[in-house]
Amino acid sequence: SRLAMLAAAAAVAGALPPMPDSLAEAANAVREEGRSTWAAYYKHARGFDSLRPLSHRGVNDWGSVGMMAIDCLDTLWLMNLTAEFKQARSIVEEIDYTPAGREARSVSTFEMTIRGLGGLLSAHALSGDRLFLRKAEQLGEALNTAFVPGRFPLPSVSLKKQGAGMHGGGGVNPAEVGTLSLEFHSLARATKRPEFDAGPDDVRRRMAATVTLLNSSLVPLSLKSSGGAHPSGRVSLGAMGDSYYEYLAKTAILDPRLRPTAGAMFKAALLEIEQQLLVPREHGRTFLAEASMNGRRGRPAGGASAAGAPRAPSDKPLFSKILKMDHLACFLPGTIAVALHHGVVPRGEGHEEVAEGILKTCIDMYRMTPSGIAPETLPLSLPLSPPPPHLSPSPPPLS
């Protein structure tokens with residue numbers, strides 16, 4: 001990307017700023033960068049969804065919901081940027097999230113849920129300000145129409161027409177349908193409206209049925225809109241797959257009643273990840289590969305048992321590793337850590353070592369480049385050796 005090339009050129013020219021001497025200095029540098037970024041948005045694009053940094057113009061590319069302001073709310077609060085948080089609040093207060101105030105255009109159900117609904121709910125959880133909950137409830141009512149009977153949620157939805165969306169090409173992916181539960185379950189609890197639980201609960205049942213049909217907790221990236229998946233396809237913890245697994249663990253943490261379902265599904269998926277996708281590397285690193293699901297043992301590709309029929313343990317899918325690691329897969333070490341901490345998966349079974357090995361690879365993905373910017377994908381054939389010391393940014397000390 002252009003950013004990566006500019007950063008690399010700056011590094012070669014010695015133009016990168018020195019690393020801070022302490023975590024406190026690093027935190028303050030990040031805070032000041034956050035303040036500067038917000039000031040630019042507030043000056044040039046107040047109330048718009050996005051700021052175009054070169055033209056200094058605001059654009060509404062997310063249905064005129066003030067997405068940038070929503071995105072920044074929890075970050076501004078955590079950075080203790082009080083004045084800036086109040087500015088963001090004033091933007092959200094002015095926006096009508098009911099259908100009457102929305103545009104007819106469709107928006108991504110996945111993105112609007114994790115960014116829009118999640119941002120408003122996070123701001124309410126941190127500040128206790130019920131304005132954010134009222135706005136979240138309005139937005140949630142529109143997004144809730146993406147859950148339609150007899151199929152996975154609509155990938156896109158009109159916040160004005162409520163439910164007018166479509167299934168792109170008749171299929172969906174695990175991340176876009178499986179990354180809605182935290183927000184809707186949180187909204188249900190905060191508003192005491194259990195109808196917001198119904199959609200994610202149905203998705204989880206459909207995913208559980210898909211896992212049973214495949215006899216695998218690793219789900220292909222292409223799912224049928226009506227439920228189920230083809231017995232072949234690519235499996236990845238990168239784009240289109242990543243947050244499905246993340247949300248299984250975090251949903252089980254959020255709601256203990258879901259430990260036997262979401263928690264068990266994450267535990268089973270983690271075991272298959274460890275069996276099918278890991279490639280040990282030197283110095284304690286672990287490479288997290290992708291895989292192709294190629295039919296079944298003793299059964300030609302495309303063969304399947306009767307729909308819904310239990311499969312024998314020997315009727316597991318065949319996996320062929322694809323020796324490529326997506327940077328997005330670096331979510332997994334942190335997810336394993338919180339799952340261990342909250343007892344979703346047990347300690348002492350090697351999960352800690354798996355998380356540490358993947359994390360070392362993820363850190364090295366940053367250290368291996370002169371810019372300090374990790375690549376989007378990493379082929380196994382590429383060595384993880386760091387650049388020359390004078391170009392390699394060093395992390396600040398932990399004290």
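Ring pairs join Trp38, Tyr41 and Tyr42 into a cluster, where rings of Phe, Tyr and Trp (its six-membered ring) pair if their centres lie within 6.5 Å, and planes under 30 degrees apart count as stacked, over 60 as edge-to-face and the rest as tilted. The model is predicted, so local features need pLDDT of at least 70 and side-chain atom pairs count only at pLDDT 80 or more, whereas totals for chains, interfaces and linings use all residues. Residues are numbered from 1 along each chain as its sequence is written, and side-chain values use heavy atoms, with hydrogens and water left out.

Seven aromatic pairs are found in a search of the whole structure. In one of them, the ring centres of Trp38 and Tyr41 are 5.2 Å apart and the planes meet at 50°, so this pair is tilted. Both residues sit in helix α2 (residues 23–45), three residues apart, about one turn of the helix; helices (H or I, at least four residues) and strands (E, at least two) are DSSP runs, numbered from the N terminus. Trp38 is buried at 1% relative accessibility, and Tyr41 is buried at 0%. Here buried means under 20% relative accessible area, exposed over 50%, and partly exposed in between (1.4 Å probe, protein chains only).

Another pair brings together Phe147 and Phe184, whose ring centres are 5.2 Å apart with planes at 85°, so the arrangement is edge-to-face. This pair links distant parts of the chain, with Phe147 in the loop between α6 (130–143) and β4 (156–158) and Phe184 in helix α8 (residues 181–191), 37 residues apart. Phe147 counts as buried at 17% relative accessibility, and Phe184 is buried with a value of 0%.

We come next to the core. The largest nonpolar core has 94 residues, and those with the most contacts inside it are Met112, Leu159, Met207, Leu237, Tyr245 and Leu288. Such a core is a set of buried Ala, Val, Leu, Ile, Met, Phe, Trp, Tyr and Cys residues joined through side-chain atoms within 4.5 Å. Helix α3 (residues 67–78) gives the largest share of this core, seven residues. The buried residues of α3 are Met67, Met68, Ala69, Ile70, Cys72, Leu73 and Leu76, and they pack against α2, α4 (82–94), α5 and α6. After α3 comes Asn80, with a positive phi near 60°.

Leu288 is in contact (heavy atoms within 4.5 Å) with residues including Leu237, Ile273, Met325 and Ile358, leaving aside neighbours within four places in sequence. Gln276, in helix α11 (residues 259–276), is also buried, at 18% relative accessibility. Not counting residues up to four places away in sequence, Gln276 touches Leu218, Phe319 and Lys321.

Across the whole chain there are 13 helices and 13 strands. Of its 399 residues, 47% count as buried. Among contacts with a separation of 6 or more, 66% are between residues 24 or more positions apart.

Finally, Leu126 lies in helix α5 (residues 109–127) and is partly exposed, with a relative accessible area of 34%.
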